[in-house]
Amino acid sequence: MDPGSVGSAVRLNVAQCCRSLSSSADRKDVSDALKTLNSYLDDGAESSSTAAERDEFRRTHYSRTLRVLVGQLQAAWTLSLSSGLWEPLFLQGPPDQALLVLLEAVSQLRPSAALDRLVSVTERFLQGGRLADLLWSFCVRSVPSDSVQLRETLLARLAALPDLTANRLHPNTPQLFTPQRFYPLLASEMLVALERTCSALRDGVDCSLTFVAQTLGKVCLQGHSGPVLAVMAPRLAVCTRSDMVWQRVTQKLLQDVPERCMESVLTGLLQAADSPDAFSRIVGNLVLTNKKAQFVLTHKVLLLQYKYETAVLRTVLGYLGSDRDRRPLLLQVVRSVSQAWANASAVKHTPQEQQLYVSKALLLAAGLLTDAELQELRSDLLQCLLGGMQSHLDSSAVGIRTLGMAVGECLSARMDLSGAKLQFEYDKNEETLELLSLMTPSVCPDPDRDPNPDPDRDPNPDPDPQPADGSEATRESSRVKSASQRSKSDPESDLDSDDDLPPYDMSGDVEASRAAPPRYLRDCLEALISSDDSQRVELSLRAAESLVRRNFFAAKEISVQMTKVLLHMEDKFGVSDFLVLRQAAMVALTAVDSVPVTQYLTTEFYSLNYSLRQRLDILEVLALAAQELSKPAGDKTTAAASEPTPYQSNSAASWRQEVEKRIQNKTKRISKRCAQRGAGAAPNRYAPVAGYFFFPLLRNYDKPEVTFDLLGSDHLVLGRLIHTLGLFMHLAVNAPVAVQMGAALLDFVWAVRYHTDQTVRRGVLFAVCSVFLSMPSQALMTELSQQLLETRTWLADVAEADPDADCRSLAVQSLVLLDQNLKKQLQNPNGLSLES
């Protein structure tokens, strides 16, 4: 039959059927029209239509017929006729056209019975494997019969199906349309299409994976790579293990992924792949043929992003090193990563989490190098080792310094620098232990072998060993048993012999001390100054704090002299807890005699010939003393420091009272009849002396000395100084001098708010928070009225873009406090007006 006549006949029949569906009220006419339309979709031998007619209907009239049918779903005949007459029109035709019509109708119809019928049909469409038919129909098309615009529309609707349906059906969205159910289903349907492609290739049929690759890329680009590749990656890893056709298909699939979607697909696959070998089989040599893939795998994942787990780094670097053609890229990665790790600017301006991530990448990459490659990169790694460690050790952050030490140890061990290996002392935490394990090969222990063999152990142990509980009964039974054994062998051995007596336990004995702890404060000071007896110095140092707190008047007489001795004292005898004891004594002196000691310490902070450690000690002592003074004098130490020691009488009455008091204090009671009274209110001892702690430290910060440059290289001390000043400000809340302190502190930190060191920036933000917390709202608005907008802008920039997480958090807190103060002041009728 002539194609033109076939097209005319089909067009006339379809037009007649659509008129019957739209206007006829006769149930038989509607039923006949539906049967006629279904005949164009029936490929069986009993179909009344020819193949040419069926092709014409599917190509030209199918979509228009479905739209007519959707428009009549609210008619009366849809309730009287069986759904078996009209549902097959959606489920047996071209799946791409049916899906477009269904999604268009679902997104446009209002909640009604017709919408419920369409939702039910769409569910059957998804459950019946029609998505796999849709994808497969694009795989076998030799020449695309649709337009580019139609294909893009179909991709967009397919990738966003949960969003399109949820916008109309929420909160009555079926479970199948939720992202948790739909995207794993789509992944399974893509695997079915890939399996059909493999079968077709084995039969010699050409296929195209362009549409499937576009679908995968579109879904991953929209942020759904996790659920999709969690289904696809394990299946692809198994199928490509021994099947070369599957390897060819999966590698071609990734080659056809659009350029703009390549990063989303690769990063999702890296997280879903269980091993570098599986990733290598799936991806192939894509990194060599695709520039975007090479940039993602050799640069972006390793140097620009740091959100991935260590397993992702293992997969990337293992993939680059598992093939001879890809190993030059591994050497390139080692160079780039080592340069990034050693970059001094990166150490200052990147978050610590990113530096840890780069350190892992460096150690993993270095562990994959052969001896020949290691010799080739020796100069680069040596430069990285020297410069990078210097940059890390110069940092004021403890975590970054520890990171540099751990990486330095691992790299020096890997490079084997003439047998010399670096060794550092640092705290072994979870991060450092992981770094140290990255270059250590894992060895599986033999379950049948003792993990801790003892070469001196008796192969035939005593069947009745002596218990080691150390009890008296055990020792007595052991003695009796040994004596009885000796008496059997030698009857005369138990006559007049002391060998069977148990030895006296002397394990808890302590050697008698030749020196006694000092009882007077001046004796303690004399021992700390001139004694060469290590035991006497240790006893004096241990007794110093308690003597200071018990002898109030004596401590005030020698407070400055003793503080000077303690500040310059060195641990030349190796006293345990030397720093703790020395600091506690200095804190006690500062709390007992605050003004003279504080004046001395703040003056010495900027003096010449002091080490950075001594300057940090001064700040720590001042901070601890200020905290102690700001607390109520309720505990023993503070009470003893705040009140002078009373004079003790020698009369018998006072002696009996003292004995009775000591007995009462040492007697333990289960309960007491009368409840003890609560501690009474006490004045803040810090408020009157807050200015002595605070203002002297702001005198000479901008004057570099011979051994001390606060605004230059000594940024560690600068950060600690600003933090200490912020603490002083925080403790001075409600103090009369708080306004002057806040204004001076804001002027000081404003000049260093953009400092490159993260410790300094943290101190600045902490100080700003302290000012906002401690200054009265009216005074705060008055002091900041000129630079209020600039302060808010700076805090907003820090909260959004600062590389340090603590700085961002402190900036957010400062913004909240500033807004609260501003709102409180504007709501106050006696406060600032809007015009001011």
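This is a predicted model: local features need pLDDT of at least 70, side-chain atom pairs count only at pLDDT 80 or more; totals for chains, interfaces and linings use all residues.
Me: Which residue meets Asp32 in a salt bridge, and how far apart in the helix are the two?
Reply: The partner of Asp32 is Lys28, with 3.1 Å from N to O. Asp32 is partly exposed at a relative accessible area of 32%, whereas Lys28 is exposed at 55%. Both residues belong to helix H2, where about one turn of the helix separates Asp32 from Lys28, that is, four residues.

Me: Is Ser39 buried or exposed?
Reply: Ser39 lies in helix H2, which covers residues 27-39, and its side chain reaches the backbone oxygen of Thr36 at 2.4 Å. Because its relative accessibility is 13% and the cut-off for burial is under 20%, Ser39 counts as buried.

Me: Which helices hold Asp133 and Arg196, and how many residues apart are they?
Reply: The side chains of Asp133 and Arg196 meet in a salt bridge of 3.1 Å from N to O. This pair links distant parts of the chain, with Asp133 in helix H9 (residues 130-139) and Arg196 in helix H12 (residues 179-202), at a separation of 63 residues.

Me: Are Arg582 and Asp617 buried or exposed?
Reply: Arg582 and Asp617 form a salt bridge at 3.2 Å, N to O, which joins distant parts of the chain, helix H31 (residues 578-592) and helix H33 (residues 612-630). The two also belong to a network of salt bridges that includes Arg613, Glu620 and Arg720. As for accessibility, Arg582 and Asp617 are both buried.

Me: Which helix gives the most to the lining of the largest cavity?
Reply: The largest cavity holds about 60 Å³ of space, and its lining has nine nonpolar residues, one polar residue and no charged residues. Helices H13 (210-239), H14 (244-255) and H15 (262-272) each supply at least two lining residues. With four residues, the helix that gives the most to this lining is H13.

Me: What is the distance from Cys261 to the nearest cysteine sulfur?
Reply: A search of the whole structure finds zero disulfides, and Cys261, buried at a relative accessible area of 1%, is accordingly in none. The cut-off for a disulfide is 2.5 Å between sulfur atoms, whereas the nearest cysteine sulfur to Cys261, that of Cys220, is away by 8.2 Å.

Definitions and conventions:
Residues are numbered from 1 along each chain as its sequence is written. Side-chain values use heavy atoms; hydrogens and water are left out. Buried means under 20% relative accessible area, exposed over 50%, partly exposed in between (1.4 Å probe, protein chains only). A polar contact is a pair of N or O atoms within 3.5 Å; within protein, one must be able to donate a hydrogen and the other to accept it, and residues adjacent in sequence count only if both atoms are side-chain atoms. On a 1 Å grid over the protein atoms alone, a cavity is a set of points where a 1.4 Å probe fits but cannot get out, and a pocket is an open set with protein on both sides within 12 Å along at least five of seven lines; lining residues have an atom within 4 Å of a point. Grid points are joined across faces, edges and corners, and a volume is the space filled by probe spheres set on the points. Ala, Val, Leu, Ile, Met, Phe, Trp, Tyr, Cys and Pro count as nonpolar, Asp, Glu, Lys and Arg as charged, and the others, Gly among them, as polar. A salt bridge is a side-chain nitrogen of Lys or Arg within 4 Å of a carboxyl oxygen of Asp or Glu.
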